[in-house]
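I opened this notebook to record what I looked up in the structure, entry by entry.

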Amino acid sequence: MGHRVKDVRRRIAARRRRRYSAGGERQLSKSAAGLYAGNDEENMIFEHDSKGGIHPLWNREVFFLKLLLSAVLVLVTAIAFKSPSAAFDSTRSTIKKAMGQEFQFAAVSEWYEDQFGKPLALLPAKVQESDK
């Protein structure tokens, strides 16, 4: 993991050199200046976009498309169950079958640990103290 941290720091330093060498000292907006206050290692994730926009991993159009598609899926499901039409019988049976099956959390957790290692612990593990 130490190699990855060094790689991230090296890329951040290279990005900063490119930004500052292109136009001299760059002025930060008030919102971005707050992100750079303090230690640079703490702010590695919150790099300010050179265009003055939002974070590069955030895409407003994709978010709204996903939101719209999820709303359409919910509405189609509601229509299928509220409509007495025989045309929705296969849709209703498919939805009931999918929602009736239990999700295999243990199998997915085991696969995840095999692929990526132990997941990020949100709470510290309980440490058992030995008798002294």
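Entry 1. I began with Leu-69 and found that it lies in helix α3, which covers residues 60-82. I note here that the model is a predicted one.

Entry 2. I then looked up the surface around this residue. Leu-69 belongs to a nonpolar surface patch, together with Leu-65, Leu-68, Val-72 and Val-76. I recorded about 450 Å² of accessible area for these residues together.

Entry 3. Next I asked at what angle α3 and α4 pack. The angle is about 115°, and the axes of α3 and helix α4 (residues 89-100) are 9 Å apart. I noted the crossing of α3 and α4 as left-handed.

Entry 4. I listed the residues that meet in this packing. From α3 come Thr-77, Ala-80 and Phe-81, and from α4 come Thr-91, Arg-92, Ile-95 and Lys-96. By class, the residues of this contact comprise 3 nonpolar, 2 polar and 2 charged.

Entry 5. I turned to salt bridges and searched the whole structure, which gave 3. One of them pairs Asp-7 with Arg-10. I recorded 2.2 Å between their closest N and O atoms, against a cut-off of 4 Å. Both residues sit in helix α1 (residues 2-23), and because they are 3 residues apart there, about one helical turn separates them.

How values were computed: Residues numbered from 1 in each chain as written. Predicted model: local features only at pLDDT ≥ 70, side-chain atom pairs only at ≥ 80, totals over all residues. Heavy atoms only, no water. Patch = residues over 30% accessible without salt bridge, like charges linked within 9 Å, V, L, I, M, F, W, Y side chains within 5 Å. Areas by Shrake-Rupley, 256 points an atom, 1.4 Å probe, with all protein chains shown as cover. Salt bridge = Lys/Arg side-chain N within 4 Å of Asp/Glu carboxyl O. Helix = DSSP H or I, 4+ residues; strand = E, 2+ residues; numbered from the N terminus. Axes fitted to C-alpha atoms, helices over the stretch in contact; angles between N-to-C directions. Left-handed = near helix turned anticlockwise from the far one by under 90°. Contact = heavy atoms within 4.5 Å. Nonpolar A, V, L, I, M, F, W, Y, C, P; charged D, E, K, R; others polar.
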